[in-house]
Amino acid sequence: METVVSGIRSTGNLHLGNYFGALRNFIKMQHENNCYFFIADYHSLTTHPDPAHLHSNVRQVLSEYLAAGLDPEVSTIFVQSDVPEVTELYLLLNMHVYIGELERTSSFKEKVRKQPENVNAGLLTYPTLMAADILLHKANKVPVGKDQEQHLEMTRKFARRFNTMYNVEYFPEPSAYNFGSELIKIPGLDGSGKMGKSEGNGVYLFDEPTAIRKKVMKAVTDQGPTEPNSVKAEPVENLFTILKVVSSPDTVAFFEEKYNNCEIRYGDLKKQLAEDIVAVTAPIRERILEIQKDEEYLRKVVKMGAEKARESASKTVAEVREIMGFKKF
Ligand code: TRP
């Protein structure tokens, strides 16, 4: 059994792309691995969030992941800041991390470009904190998207460096958890590219049905086919891609045929698509609302998660301290 660690950003609601992409794989993966999922609230501090929103953001993200199917009885689900051992490992690792390599990180360079007024040390050492998250549980696997590959590569480098420096075989070098062909990419409703928060083209699990219908009805299409069996333009192909994920094969076949006969009415397609999306999201939205108001359940989940996470975290930190030469008087 592999140990998997995955950090979840503490801001932003889940959209269909998240749900049908990584999240469904997480839900499956839980049963085959020893999984640690945590809400990365320390990481969010790099952008100086309003203290009035920090907790509600964590709570919303946690409720959404639980509602979507992460199971606290199967996985270790916790809030990063509930496991303070990570900050100690972060400090210790930082002693062997060089300013030059941090400055060369793509995500850091991008932040410097985007927010030159707030280039803080937390931003610079973001990769060390992420490495600490992963190494704290001696993970072998980390599910990461393209944008996080460099961070994972740095984690491997830091693990190797630690092992070499102290002449131990202590930290495993974690590799990317590969979902292979199972990772479905959901396009946005704006005609091109994938669904994303920053793109503003998403349908969210927490959206009300009326909002979903509105968004889908406004989705970009084209003038409609003029010749039978013509190739679909990207915006139309995108609607079919989403339809294939949320609708029955019969529904997909029906609209394919209409398209191929040049009889398609995009209004009908969109109405059906909206209803089938609502059928997926509405029950999850209901569960999110239920979980959000269940103080006791949420408290129980994070307490249980923190306890389990602190078990392996404190063991690692104690061993690392010993390797580095700290001794009790
Ligand atoms: N940096 C990741 C992101 O932006 C979140 C993250 C923090 C993470 N720590 C992690 C992911 C550890 C995997 C493992 O998405």
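The side chain of glutamine 148 has an N or O atom 2.9 Å from a nitrogen atom of the ligand. The protein covers 93% of the 370 Å² of accessible area that the ligand has on its own (areas by the Shrake-Rupley method with a 1.4 Å probe). A polar contact is a pair of N or O atoms within 3.5 Å.

## Basis of the model

This is a predicted model, in which local features need pLDDT of at least 70 and side-chain atom pairs count only at pLDDT 80 or more, while totals for chains, interfaces and linings use all residues. Residues are numbered from 1 along each chain as its sequence is written, and side-chain values use heavy atoms, with hydrogens and water left out.

## The shell around the ligand

Residues around the ligand, with a heavy atom within 4 Å of it, include Val5, Ser6, Phe38, His43 and Met130. By class, the shell has 6 nonpolar, 4 polar and 2 charged residues; Gly is counted as polar.

## Two packed helices

Two packed helices are described by the angle and the distance between their axes. For α10 (residues 209-217) and α13 (residues 266-293), the axes come within 9 Å and cross at roughly 145°; axes are lines fitted to C-alpha atoms, with angles from 0 to 180 degrees between N-to-C directions. Helices are DSSP runs (H or I) of at least four residues.

Conventions: Helix = DSSP H or I, 4+ residues; strand = E, 2+ residues; numbered from the N terminus. Polar contact = N/O pair within 3.5 Å; in protein donor to acceptor, adjacent residues only side chain to side chain.
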